[in-house]
Amino acid sequence: MEILKTYKIYIGGAFPRTESGRYYPIVDASGSTIANVCLSSRKDVRNAVVAARKVFGGWSEKTAFNRGQILYRMAEMLEGRKLQFLEELTKQGSSKEAAALEVQESIDCLVYYAGWADKFQQIASSVNPVSSSHFNFSALEPMGVIGIVAAQETSLIGLVKFIAPAICGGNTAVVAASEAFPLCAVTFAEVVHSSDVPGGVVNILTGKVSELAPAMAAHMDVNALVTESLGELDKPLALACVDNLKRNLAYQHAVPQGLQYITALQEVKTTWHPIEQIGGASSSY
Amino acid sequence: MAKKNTANSQTEWDYAASPESTSHIRLEKKYQLFINNEWVEPSSKKYFPTINPATEDVLAEIAWATDADVDKAVKAARKAYTEVWSKMSGAERGKYIYRIARMMQERAREFAVIESLDSGKPIRESRDVDVPLACNHFFYYAGWADKLEYAMPHKKPEALGVAGQIIPWNFPLLMAAWKIAPALAAGNTVVLKPAETTSLTALKLAEIIKDSGLPPGVVNIVTGYGDTGAAIVNHPDVDKIAFTGSTNVGKIIQRAVAGTHKKTTLELGGKSANIIFDDAPIDQAVEGIINGIFFNQGHVCCAGSRLFVQENVADLVIKKLKARMESLYVGDPLDKNTDIGAINSKEQLDTINKYIKIGKAEGAEIYQSDCSIPSKGFFCKPTLFTGVSQSHVITQEEIFGPVLTIQTFRTIDEVIQKANNTPYGLAAGVWTDKGSRIFNLTTKLRAGVIWANTYNKFDPVSPFGGYKESGFGREGGVHGLSAYLK
Amino acid sequence: MKKTYNPSLMLSNTRIDKVGVEERVARFQTRSIKNESKKQGLHMVLNMIDLTTLEGKDTPGKVQQMCYKAQHLHDVHPGLPTVAAVCVYPSMVSIARKALGNSSVKIASVSTAFPSGQSTREIKLADTKFAVEQGADEIDMVISRGKFLAGEYSFVFDEIAAIKEACGKARLKVILETGELCTLDHVRMASDIAIHAGADFIKTSTGKIQPAATMQVTYTMLMAIKDYYDQTGIMIGMKPAGGISTAKLALHNLVMVKEILGNPWLSNEWFRFGASSLANDVLMQLMKSESGLYQSPDYFSID
């Protein structure tokens, strides 16, 4: 007899069940149940945000090199569990070819952002030649806690393509998995967990998008919301974001790789400091 | 005959009145809307007065634009965008912007005087800060017009279309420049609404725009109250809303555009921390505190309105601060020696006084400098509150006036926590002689602009904008371009 | 009780940010001094001048002519004050004393191996005593910049204290020679040492080294005076010297004094300008504001 996997959620580096005690079934193409997954609640979102906020300082202050190493480690771990992902994808209705492509894309995506971790700052920051005796520079800083609603039509890449650029830039994330295809999300949480990613940096919930996304959008301690075309939900989410002027990144379609996905989750900070002109007389170096 | 060698024991020496001349400025009695490079009557035929807040005299009548007028302006902007501006080369666009900058420089004195008359800010600031910075902003962005592909190397930059821009009354001309210059450089056309109390310099700028030969419809200026602004925000053919003003209005705008294609940048309120460590250059820090809170009567979104002083130097700093406040001249904005001019409006003065009253009621200790203020017009003495905490309303809410709250702190961690303990995140100041501490602080403060050992410095090349509820998007510098590009 | 160098009494750990000082100074320079306040200010400036000749080629004739000018700035115009003092080498003090007669114009004499100060304590003391005996009302000493830069602050302090004692009734101005101290932090520290060691006045420069009395330096010294006054209630005088040759610059200096120290310092008891050509520019400005006509140097005597 096959032992079925229990699909839990991932909050603060632990794998709890939803506090609500609710579940929903995932069915395969033939209509038979392949798993029960957590139907997470607003309170799970709240707990995840608390966990993500708690580690934001530590994660954002890690060296860029270190964050790159950890993202690369995630790619390695994903590669190592390729078969499991392929199986889950096909179980959820993907063809073998599509599943293989999606896993490969996800690995490539992690490697891609691993490389960006210590480079995007150099591309996007500036030294600004002001007309006064000051040194002035603008550098990027992570926004903070990012609410992410995974792209809904895929199980794995739709999740990875938003998580990777967010944490690459030093943010922490609270993620709602694909509602219909959540299996890979939980397995991906295990990849995250085993990849030196500190607990709380990535938090993954399964459940109804219509329940989780509004909870993230309205949460006053979430700094940005990332979504991909959720249809009728887009406008209410945009409205809910206004209360704390949450940055609302509602992509029509996001591709798995691009610098703009990192920079969109960064604030530009400009710093001024006086430059002393030595001596009173003219200086010729 | 031996003459006397004494200082004629006359040691009371004060500055005689030194008013800037107003003889060279030209003001119309009545200003129309500027649409399609023409001055047009508002469809309502309604006008409202703009007054000099220092005297309460009416300076001119300003047209009040309705939805229909805004529609006309947006149509003009759209037509100019599709038929002319989007087809023009960047280099040609740049030349127009350069020309505007040059013409503004030529009329700098006139702009400064009108700005002080209409807004109440001291001529020293409008002459030395607002107007030159506004000109330089046009110069800076003019040069970007043909270099946009270098600004966003990972994309092919494209203009957004028609930009609706709504600006505040605290830096009327400068904010117009901050909005118009990057929009034009990036290839957009513009419908701009100045604040109702300070329309004049934007309308003078319209004169220059007309004289510069900028194609009709590229810049349209519609004057009016909040309903005019709302008409811009709600117009379906506007692609971009850029707003500077209060966080409340910013949220109203953000709700209005939810679910539409409109992009927004919001530059909103603040309650910025200015932090003085015991090893700071104290006298320069005191000067920084003064500039931080009393510049432009404190009508500055990034004003250093929450002062944190390390407890072991607090007495010294406060003593020096009070002494320095006594040498500030409050009065006629047109007098070249005035440091603090008039509060922009009766309404704003009432708001400030309301907060002063709240501060007193909360038990904070008030100190106001011993200066005299004119009996007519809207004026407020420079004001300090000591004995306050983060829990006082006056340290939490933006007052937008010359009112400073002072808290003491003991440790670095404590001050970082308290400085970040606000929904705002526009700016912060740090004063210490230790480089490593500066970078520790500047990294941890959640704000878009950090001034280390200086405060309230602005430059066209320097990106400006906030974290959290202080808004999003940046203005100035290369980062300011992306707000107007796809 | 003998005074000793005690840094803990001083605010000389005060850090100074030069860019901030420049901004502050620029702000003083935007003050607009017009009409009556300009006239009053210019009169004050004249009356604060230490008319100076400090040259190897100084002769009795030169000093006598300057002393006459000191008392008769522009006699065609009634109501003008005299300058505060003449400033000469010790060897010229007796000549000046005779030339000034019973005038209230004071005599300041440089001493302590001016301008370099590179001599022994004994010679400096003798130099000072000689000038006082010859009739100097005020002594302008120089500090040992070499010792200061070598970190021998006690030496500098003790030397000033010793010269102060040698001055007797004469008031002591201590020249920091700020152009050789290089940083404003050093200027501040030297100011504090001088003040605590007994200076009645602190003075920027000998006039032999550039830069001399920049407004940044004067600002820094005025702040030291202000802090000392706030601590002790004791007033110290200030003398910028060297480089102030225009009425406008002098007025900006007065603006600084007024806004930092207040009106009590606005007399020649507490503020002086060390200058030689300043007086005529001030006179020309005064006559211009009287007559409305721009003036020519040909109408103003040069002694």
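**Exercise 1. Helix packing in chain C**

The crossing of α9(C) and α10(C) is right-handed in this predicted model. Determine how the axes of helix α9 and helix α10 of chain C are oriented to each other, and state which residues make the contact.

*Solution.*
Step 1. Two packed helices are described by the angle between their axes and the distance between the axes.
Step 2. Helix α9 of chain C covers residues 184-197 and helix α10 of chain C covers residues 215-232; their axes come within 9 Å and cross at roughly 40°.
Step 3. Angles under 35 degrees count as roughly parallel, and 65 to 115 as roughly perpendicular. The pair α9(C) and α10(C) is therefore oblique.
Step 4. On the side of α9(C), the contact is made by L184(C), V187(C), R188(C), S191(C), D192(C), I195(C) and H196(C). The partners on α10(C) are Q216(C), V217(C), T220(C), M221(C), M223(C), A224(C), I225(C), D227(C) and Y228(C).
Step 5. Sorted by class, this contact of α9(C) with α10(C) comprises nine nonpolar, four polar and three charged residues.

**Exercise 2. Cysteines**

State how many disulfides there are over all chains, and decide whether C301(B) is buried or exposed.

*Solution.*
Step 1. A disulfide requires a pair of cysteine sulfur atoms within 2.5 Å. With this rule, the count over all chains is zero disulfides.
Step 2. For C301(B), the nearest cysteine sulfur belongs to C302(B) and is 4.7 Å away; C301(B) is in no disulfide.
Step 3. Buried means under 20% relative accessible area. C301(B), at 10% relative accessibility, therefore counts as buried.
Step 4. C135(B) also counts as buried, because its relative accessibility is 3%.

**Exercise 3. Two loop residues**

Locate Q92(A) and N188(B), and decide for Q92(A) and for N188(B) whether the residue is buried or exposed.

*Solution.*
Step 1. Q92(A) lies in the loop between α3 (82-91) and α4 (96-116) of chain A. Its relative accessible area is 11%, so Q92(A) is buried.
Step 2. With neighbours within four places in sequence left aside, Q92(A) is in contact with I34(A), S155(A), A180(A), F181(A), P182(A), L183(A) and C184(A).
Step 3. N188(B) occupies the loop between α6 (172-185) and β7 (189-193) of chain B. At 1% relative accessibility, N188(B) therefore counts as buried.
Step 4. Residues up to four places away in sequence not being counted, N188(B) touches Y81(B), W85(B), A159(B), L160(B), G161(B), A183(B) and Y484(B).
Step 5. N188(B) and Y81(B) are 107 residues apart in sequence, while their C-alpha to C-alpha separation in space is 6.7 Å.

Technical notes: Residues numbered from 1 in each chain as written. Chains lettered and ligands numbered in written order. Predicted model: local features only at pLDDT ≥ 70, side-chain atom pairs only at ≥ 80, totals over all residues. Heavy atoms only, no water. Axes fitted to C-alpha atoms, helices over the stretch in contact; angles between N-to-C directions. Helix = DSSP H or I, 4+ residues; strand = E, 2+ residues; numbered from the N terminus. Parallel < 35°, antiparallel > 145°, perpendicular 65-115°, else oblique. Left-handed = near helix turned anticlockwise from the far one by under 90°. Contact = heavy atoms within 4.5 Å. Nonpolar A, V, L, I, M, F, W, Y, C, P; charged D, E, K, R; others polar. Buried < 20%, exposed > 50% of the residue type's maximum accessible area, 1.4 Å probe, protein only.
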